Each structure stands twice: as C-alpha cells, then as structure tokens.
Amino acid sequence: MRIVTWNINSVRLRMPIVEKLTQQVAPDVICLQETKVHDDQFPFQDIQALGYPHIAINGIKGYNGVCILSKHPLSDIGSHSWTGKSDGRHIYATLPNGVEVHSLYVPAGGDEPDRAINDKFGHKLDFVDEMAVWFGQNRKATDKIMVMGDLNIAPLEHDVWSHKQLLKIVSHTPIEVEKFNAAQTAFGWVDCMRKFVPDEEKLYTWWSYRSKDWRAANKGRRLDHAWATPALADQVTAMQVLSDARDWEKPSDHVPVILDLAG
DNA sequence: ATGGTCGGTTGCCGA
C-alpha cells in the first residue's frame, strides 16, 4: 500500500503533474492540500480517469481545500471544523485494510510571529493546540491512523536550511515548534519521515517560488509531514521525498512525500 | 535589510 501527501497549490492547474505522479509513483492513495476548488467544481472525471474512482473532498472556493484520492473504496468519511471554522482544511476516510487516513492543512500563519498583531498566527497556534486535544478525545492511539499533510511547521533544526536564520520566521519559531511537539507527543504520533532519515540530516519538502534556482540555493523547509500511530508505524516500510517534482512543468512549491505500508 | 514568485475570491490577498 503506497500513500502520498502533496500540497498541490490548485488541483485544476496541476492536473498534468498529478497524472505524472500517478504514472511515476503509482500511489494507492493520494492526499492533496490546497486544492483551491469548491466541491462543485472538483475535477472528478479527470481524477477518476487516472484510476482513482474513490474520492473524499472538503473544498471551498478559491483557497485551502483538501482531498483523498483512492484506488480502493473509502468508508467512514468525515472532517472536523478546526477552531470552529469550516474552511476546507481536513478530510479523513478509512481504507479497506482498516487504516484511517487524514489529509490535513494547517494554517500558514502569516508573516508576523506575534498573535497580538497577527490574527493568522493566533489561528495557527490555536489550530495546533486543538490537534493535541481532538485526536485524544476522538481517536484511540491503539488504532491504525495516519495524518498526512501540510502542517506548515518545520520542527527540527535540520528541517530548515538555517536554524538560526529562521528562528523568527513563521514555520520555525519556538512557540510553533513547542505546540507542534506537544500535539505530536500528546497522542504518541510517530514521525514517519524521520523514522527513515536521521535528525542530523537535512530534509525538506518545500522550496519557495521566490528563488531563481531552488536546487542551487536549496533554502528549503520540511513543512509536510506523515504521522502514524505506533501500531501502524511498524508497518511503514519506506519513505521518499520526491524532490524531482519541484522541477516538473508548472510545479507546486511543495513536493510529494511517499510512504509504503506493509499490509 | 530587502525583495523575490505564484494562484485565485485579481488589479489585491494569502502563501
């Protein structure tokens, strides 16, 4: 079972590279974020033609939006309105093997890392706080659950190109990292990317559009994550960041993260 | 220290 997460930055505009992903990677399940399309306008037929007949979506007009595309039937589809907003940041569904997959898009948080002057930063902090609470109240850590998505926080020193230079940059501030770690440990989530790559090794999933040569500059961040409950983490056999996708035609600024599951 | 580029609810806002 191969599961991919990818912040696609407009699913309609990226259909050619979604197709490329399906051809090159052959995922069973694809979690997308920032689809930027209302459910009414979702490209169902194009997606289904790629071999993904089972689709769970939570989209709104113009921004945010998440979905799960699957070769296998999806059951028990749902979403939670984080911080009380129905703003297309969450969808989940259960696969035939009993694994519940969540596609999640955490708020980016704006530019100023101070909730007193930036509401978007406060929203992000509240959202991550709620992650610690919601899973604890609504799910069991003994079940097989996976959270895939753009969590918009790079928690480790080597999840960013320069720890020191990014300490005051939203996505890597101490308060965000503290809340991220609290949400992760509260439920016992296993980081399925760092399970395969040592903490001391640089690991990125996003490179800004504002760079002439993203590969040469390599000023990346690991904003996208794959978390699994301990029971499921043992079944995760491989992880790959598809960095080459950053060079595909009309790319997203994020690249796919690929997980392989036994069973 | 600054600005750089994308996408869509476009001539701005969010990322």
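Contact here means heavy atoms within 4.5 Å, and helices (H or I, at least four residues) and strands (E, at least two) are DSSP runs, numbered from the N terminus. The model is a predicted one, where local features need pLDDT of at least 70, side-chain atom pairs count only at pLDDT 80 or more, and totals for chains, interfaces and linings use all residues. Residues are numbered from 1 along each chain, chains are lettered from A and ligands numbered from 1 in the order written, and side-chain values use heavy atoms, without hydrogens and water.

Let's start with helix α3. What covers its buried residues (under 20% relative accessible area, 1.4 Å probe, protein chains only)? The cover includes β6 (90-94), β7 (100-105), β8 (145-150), α4 (174-187) and β12 (224-228). Among the buried residues of α3 are F121, L125, V128 and W134. At the start of α3, a side-chain oxygen of N118 comes within 3.0 Å of the backbone nitrogen of K120.

Now for the DNA. There are 16 residues around DNA strand B (a heavy atom within 4 Å), and S10, R14, K61, Y63 and R210 come nearest. The table lists polar contacts (pairs of N or O atoms within 3.5 Å).

| Protein atom | Atom of DNA strand B | Distance |
|---|---|---|
| K120, polar side-chain atom | phosphate oxygen | 3.4 Å |
| Y209, polar backbone atom | sugar or linking oxygen | 3.3 Å |
| R210, polar side-chain atom | base nitrogen | 2.5 Å |

Notes: A polar contact is a pair of N or O atoms within 3.5 Å; within protein, one must be able to donate a hydrogen and the other to accept it, and residues adjacent in sequence count only if both atoms are side-chain atoms. Buried means under 20% relative accessible area, exposed over 50%, partly exposed in between (1.4 Å probe, protein chains only).
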